[in-house]
Amino acid sequence: MTKPGDIISTPPGELDQIVGPEGNLIKLGLTDEKIKASAVFAPLRTKYKLLSESEIKASVTRSDRNKAREIWGPDRIKDQDGIGACQGYASAAAIEKARELGGQEHIELSGDFAYSLVNDGRDQGSGLAEGFQAASQHGYAPASTPGLKRWEYRKSRMPQAAFEAAKRFRGFEGFYAETEQELYTGLALGMVGVIAVHVAGAYSQLDRYGVSRGGNGVGNHAVCVDDLVWDAALGKFKIDSPNSWKTSWGEQGRCYYLWDQHLRTTTKYHKFYLFPAATQDSQGNNPPTDLVMV
Amino acid sequence: MKLDWRIVLAFVLAWYSLGSVDGCRLPDVLPIPPAPQPDRLEGKAWLIVVEETEERSASLAAVMRDKGFQDRIATDDVHFRVYDDDGEPGSKYAQDLGGKVPGYLLIDDAGKVYSLGELPSEFTSEFFNGVLREFGR
């Protein structure tokens, strides 16, 4: 008899599953990266001056800086249902938020469409680097695109309108991070990212600090990360993450991760991705560019 | 030409005699012109920040996540945008700023520039509130 949070192992070549909070089965769809991250983005450390621990703490504890949970409420938690589309959902969430932080309006982007670009028509999971490579070529389709069906993962079933609409959302600036300092620097500077976590054991249980009780591993699930929080009681930085398993999971769909507990091992197998900005939507609500000086 | 001190003294005495009885006030016939009032920015407005993204400051990162500020200006039909100076349209605005990046522009929906300038090294959203208040927003 299974219960929510249980992990169901499968034969080699198939995706493991977790029992979701409502008893539904969710595929753990993050696979090894088939291409190098450097084929898509540059490492953050080559473009940014990495911040010291004190600089990071000063940045994330500023009184005028709202927490991600105050900016993006439970209504923004995604639902990948049972398919192994975590990469698509996490990256769509990150690009949505990178757009918004730059002032552009919220447009829900389709995680299913992003996933369909790299799964070869089968619900077999996907890696992060190839996901971003495909998205930078095709873009992210708005979830409201006519004809786009929820949880459809086959590229051949995607409406042509989705490919057309996605062209507006293929411009984004990204970097990859390999170290704690790189990830924290990016988050402290307001970036939004996508990381790999390993769903195993008591992953779905949170401790009194809101931290997942899951541990390290090779990484089998992709999640969006949208904030870094200094927890004075814990004496540590916590990485805030909206999952894509509905609001009935975790704390209204979210949990925190700790570098040592959750990411020290996954980062050996996966790069983490950070997005400081997204290119302006050519059909969006944009300011005039021909200015009149007076 | 050498100035005669007696002429200068006569001029000063005549100047004060035109004023009030105590001779200290400037005469009303020569009022000080009022300082020009800035135009009021009516309707839809844009507050544009141009940054070199790779040199983003903690100050700008905080303003981008200052929900109170963002909500307040959005309610007032002021639209906030952050652009990288290397991309479009950021490079165009960077030219308008004379290359002073990071910088800001406050414009109306027709493109009329009400204020522009370089951003200080440390700031909060209050800096932008001050700019907006100057134009009635």
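**Notebook: cavities, pockets, interface, backbone**

I began with the second largest cavity, whose lining I sorted by class into 1 nonpolar, 4 polar and 4 charged residues. My classes put Ala, Val, Leu, Ile, Met, Phe, Trp, Tyr, Cys and Pro under nonpolar, Asp, Glu, Lys and Arg under charged, and the others, Gly among them, under polar. The lining residues are A:Arg99, A:Gln104, A:Glu105, A:Ile107, A:Asp281, A:Gly284, A:Asn285, A:Asn286 and B:Arg81. The volume of this second largest cavity is about 50 Å³.

Ground rules, before I go on. This is a predicted model, where local features need pLDDT of at least 70 and side-chain atom pairs count only at pLDDT 80 or more, while totals for chains, interfaces and linings use all residues. Residues are numbered from 1 along each chain as its sequence is written, chains are lettered from A and ligands numbered from 1 in the order written, and side-chain values use heavy atoms, with hydrogens and water left out.

**Cavities**

I noted the method: on a 1 Å grid over the protein atoms alone, a cavity is a set of points where a 1.4 Å probe fits but cannot get out; a pocket is an open set with protein on both sides within 12 Å along at least five of seven lines; lining residues have an atom within 4 Å of a point. Grid points are joined across faces, edges and corners, and a volume is the space filled by probe spheres set on the points.

How many cavities of 30 Å³ or more does the structure hold? I count 3. The largest cavity has about 80 Å³ of space. It is lined by 13 residues, and A:Lys78, A:Ala93, A:Cys224, A:Pro242 and A:Asn243 are the closest to its centre. Helix H3 (86–101) and strand S7 (221–225) of chain A are the elements that give two or more residues to this lining; helices (H or I, at least four residues) and strands (E, at least two) are DSSP runs numbered from the N terminus. H3(A) gives the largest share, 4 residues. By class I get 8 nonpolar, 2 polar and 3 charged residues in the lining of the largest cavity.

The largest pocket came next, at about 480 Å³. Among its 21 lining residues, A:Glu100, A:Gly103, A:Gln104, B:Gln70 and B:Ala74 are the closest to its centre. H3 of chain A, together with H3 and S2 of chain B, are the elements that give two or more residues to this lining. Which element supplies the largest share of the lining of the largest pocket? H3(B) does, with 5 residues. The lining divides into 8 nonpolar, 6 polar and 7 charged residues.

For the second largest pocket I have about 410 Å³. It has 19 lining residues, with A:Glu14, A:Leu15, A:Asp16, A:Leu28 and A:Thr31 nearest its centre.

**Interface**

I then looked at how the chains meet. 38 residues of chain B are in contact (heavy atoms within 4.5 Å) with 36 residues of chain A. The buried area, meaning accessible area (1.4 Å probe) lost on putting the two parts together and summed over both, is about 3100 Å², with carbon and sulfur atoms giving 53%. B:Glu54, B:Arg56 and B:Arg65 supply 27% of what chain B buries against chain A, more than any other three residues.

By class, the side of chain B that touches chain A has 17 nonpolar, 8 polar and 13 charged residues.

Over all chains the count is 32 salt bridges. One of them pairs A:Arg150 with A:Asp112, with the closest N and O atoms 3.9 Å apart. A:Arg150 lies in the loop between helix H5 (128–138) and helix H6 (160–166) of chain A and A:Asp112 in helix H4 (residues 111–116), so the pair ties together parts 38 residues apart in sequence.

**Backbone**

I jotted down a reminder that most residues other than glycine have a negative phi, and most peptide bonds are trans. The bond from B:Glu88 to B:Pro89 is cis, with omega near 5°, and B:Pro89 sits in the loop between S2 and H4 of chain B. Another cis bond joins B:Val101 and B:Pro102, with omega about 5°; B:Pro102 is in the loop between H4 and S3 of chain B. A:Asp81 has a positive phi, near 55°, and is found in the loop between helix H2 (68–71) and H3 of chain A.

Conventions:
A salt bridge is a side-chain nitrogen of Lys or Arg within 4 Å of a carboxyl oxygen of Asp or Glu.
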